[in-house]
Amino acid sequence: MRTSTDAVVIGSGPNGLTAAVTLARAGLDVLVLEAQPVAGGGARTLESDQADGLHHDICSAVHPLALASPAFRQFDFAARGVELIAPETSYAQPIDAHQAAIAYRSLERTAAELGADGPAWRNFFDPLVENVDLLTEVALGDRRHLPGGLLNPQGIGALVRAGLRVIEQATPAWNMRFRTDLGPALLTGVAAHAISPLPSPAASGTSVMLATHAHTVGWPIPVGGSGALTASLISDLEAHGGRVVTGAEVRSWKELPRARAYLADTSPAGLLRIWGDRMRPAVRRALERFRYGDAAAKVDYVLSEPVPWADPRVGAAATVHLGGTRAEMAFAEAEVAAGRMPQRPMALFSDPSIADAGRIVGGLRPGWAYAHVPAWYPGDVTEAVTAQIERFAPGFRDVVVSARCTPASQMSEHNANYVGGDIAAGALSTWGLLARPRLAWDPYATSIPGVYLCSQSTPPAPGVHGMSGWHAARRALAQRFSLPVPSLAP
Ligand SMILES: Cc1cc2nc3c(=O)[nH]c(=O)nc-3n(C[C@H](O)[C@H](O)[C@H](O)COP(=O)(O)OP(=O)(O)OC[C@H]3O[C@@H](n4cnc5c(N)ncnc54)[C@H](O)[C@@H]3O)c2cc1C
């Protein structure tokens, strides 16, 4: 390792790599240190230990935010040969063996198939879809600056309409506009991505944003798996003189080469381990109080056939939300929040081969799934997830060749940021979103000059969008190097 460099990034998740690319493109010498043997953090695609030649996305798999993110739009994965294929069916919500609600790219088609809930769905999403770029800029901003487009009557109107919808879906009046189980369940499956009690403002905001993307950019699957995204970022970093060293866990600032800026793609706990002894006591205490959320337990399947969904429309979806009705999902999430493992947990499933046939090897395909569980839950959830799928796809068990669970309590072994299995690296409560990681004008600052936090534990929020890294790198460029922000375009 060199003894000095311009900037060191600790962690090679999408945020760390976006920060590194931004700094390297500004002409700086950048070194990325990654604890794991493979770079990419929450966007890694690893060879299966269950079937030769098959690959699993061990964390993220479906990427509406990679297409919507202002940073990644500029980076332009497509121009770099990374194909993100958004199926016409964004996500599906089976309700029982005979009924399912489907979100298509087309808002019209979605509304048409929702029956009596169709007009309410169209009315809810029409103004959101119309203003998706502006709303995305707000949602993926640093929560400290308002996009210019907001500062006119049309922008303010769009924000108010979005805000009213978020409030509606965050209150017990959330069923008011719907007449059947379909519309509410279709929204709640997305809200549940927040792994928090339902209804709540954070869950509602999550559903409004991600469901709007379902009707615009879609929910794409990267050809070759999520690792294709991080491989592309690494390739650009290297083309600009930067490098990634894997197997290099940073435990203390004393181990680091001298640099003018350090950006930590770590959890607050990770940041405290490395720099806690040099932080202002008030900042250290605030980060020690940082609340982690409940967890996910992963299940990677090897399947011999497509899942035999009772409703064949479900099989075309990039993601299937397995939780049944709105009431059932709210109950399961409440159980998790109370620290109890639900009998029927909220689970997500994706078969990447519906968009990328190359993922099928020797007739076998990977099945990606995870279930929501209490923080640190040590149990194997394979049976619980399998039972949820079987409920809506009778005969599923017959196509399972093998399955492997990573319990929540072990998630941090392959990514230290997932404390207790919290895949969002911080609870998605209202406070947890507004004061992420603490209440401060600059959420990326750590009180140590030149040291920034740049992971999903900072604004905007979790997801593969690179925006936390971009926001933190912009600050480092201005404050440490007096350099302008470079373009990320190819
Ligand atoms: C099961 C699962 C499913 C998910 N599904 C989706 C999805 O479909 N779509 C989506 O958009 N998002 C999804 N996510 C969330 C997404 O993966 C994260 O929001 C995203 O990866 C966060 O990026 P990041 O750069 O902040 O951190 P991470 O991707 O978590 O990367 C942090 C990196 O830092 C490294 N690191 C930490 N501490 C140190 C240290 N001390 N020294 C050196 N290296 C260190 C870690 O090893 C890791 O590589 C999922 C996550 C999981 C776990």
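How many nonpolar, polar and charged residues does the lining of the second largest cavity have, by class? This tour of a predicted model begins there.

**Stop 1: the second largest cavity**

Select Pro-94, Asp-96, Ala-97, His-98, Gln-99, Ala-100, Trp-309, Ala-310, Asp-311, Val-314 and Phe-392, which line the second largest cavity. Two strands, β6 (89–96) and β7 (99–104), are the elements that give two or more residues to this lining. The volume of the second largest cavity is about 50 Å³. Sorted by class, its lining has seven nonpolar, two polar and two charged residues. A search of the whole structure finds three cavities of 30 Å³ or more.

**Stop 2: the largest cavity**

Move to the largest cavity, which holds about 60 Å³ of space. To show its lining, select Gln-169, Trp-174, Leu-187, Thr-188, Ala-191, Leu-198, Pro-199, Ser-200, Ala-203, Ser-204, Ser-207 and Arg-326. Both α8 and α9 supply at least two residues of the lining. By class, the lining of the largest cavity has six nonpolar, five polar and one charged residues.

**Stop 3**

Are the residues of α8 buried or exposed? In α8, 10 of the 10 residues are buried, so the helix is largely enclosed by the rest of the structure. Among the buried residues are Leu-182, Gly-183, Pro-184 and Val-190. Leu-187, Thr-188 and Ala-191 are buried residues of α8 and also line the largest cavity.

Next, select Leu-198 and Pro-199, two residues from the lining of the largest cavity. The peptide bond from Leu-198 to Pro-199 is cis, with omega near -5 degrees.

**Stop 4: other backbone features**

Most residues other than glycine have a negative phi, and most peptide bonds are trans. A cis peptide bond also joins Arg-436 and Pro-437, with omega about 10 degrees. Look for Pro-437 in the loop between α17 (430–434) and β16 (451–453).

Now select Arg-143, in the loop between α6 (132–139) and α7 (153–168). This residue, which is not a glycine, has a positive phi near 60 degrees. Arg-143 is partly exposed, with a relative accessible area of 31%. Then go to Trp-376, in the loop between β14 (365–373) and α14 (382–392). Trp-376 is not a glycine either, and has a positive phi of about 65 degrees.

**Stop 5: helices α11 and α12**

Select residues 268–275 for α11 and residues 281–288 for α12. The two helices pack at an angle of about 140 degrees, and their axes are 9 Å apart. The crossing of α11 past α12 is left-handed. Which residues make the contact? On α11 they are Pro-268, Leu-271 and Leu-272, and on α12 they are Arg-284, Leu-287 and Glu-288. By class, this contact has four nonpolar, no polar and two charged residues.

**Stop 6: the second largest pocket**

Finish at the second largest pocket, with a volume of about 280 Å³. Its lining is made of 15 residues; select Leu-46, Ile-58, Asp-300, Arg-404 and Thr-406, which lie nearest the centre. At least two lining residues come from each of β3 (45–47), β11 (295–303), β15 (400–406) and α16 (411–414). Helix α16 gives the most, with three residues. By class, the lining of this pocket has three nonpolar, six polar and six charged residues.

Notes:
Residues are numbered from 1 along each chain as its sequence is written. This is a predicted model: local features need pLDDT of at least 70, side-chain atom pairs count only at pLDDT 80 or more; totals for chains, interfaces and linings use all residues. Side-chain values use heavy atoms; hydrogens and water are left out. Helices (H or I, at least four residues) and strands (E, at least two) are DSSP runs, numbered from the N terminus. Buried means under 20% relative accessible area, exposed over 50%, partly exposed in between (1.4 Å probe, protein chains only). Axes are lines fitted to C-alpha atoms, for helices over the stretch in contact, and angles run from 0 to 180 degrees between N-to-C directions. A crossing is left-handed if the near helix is turned anticlockwise from the far one by less than a right angle, and right-handed if clockwise. Contact means heavy atoms within 4.5 Å. Ala, Val, Leu, Ile, Met, Phe, Trp, Tyr, Cys and Pro count as nonpolar, Asp, Glu, Lys and Arg as charged, and the others, Gly among them, as polar. On a 1 Å grid over the protein atoms alone, a cavity is a set of points where a 1.4 Å probe fits but cannot get out, and a pocket is an open set with protein on both sides within 12 Å along at least five of seven lines; lining residues have an atom within 4 Å of a point. Grid points are joined across faces, edges and corners, and a volume is the space filled by probe spheres set on the points.
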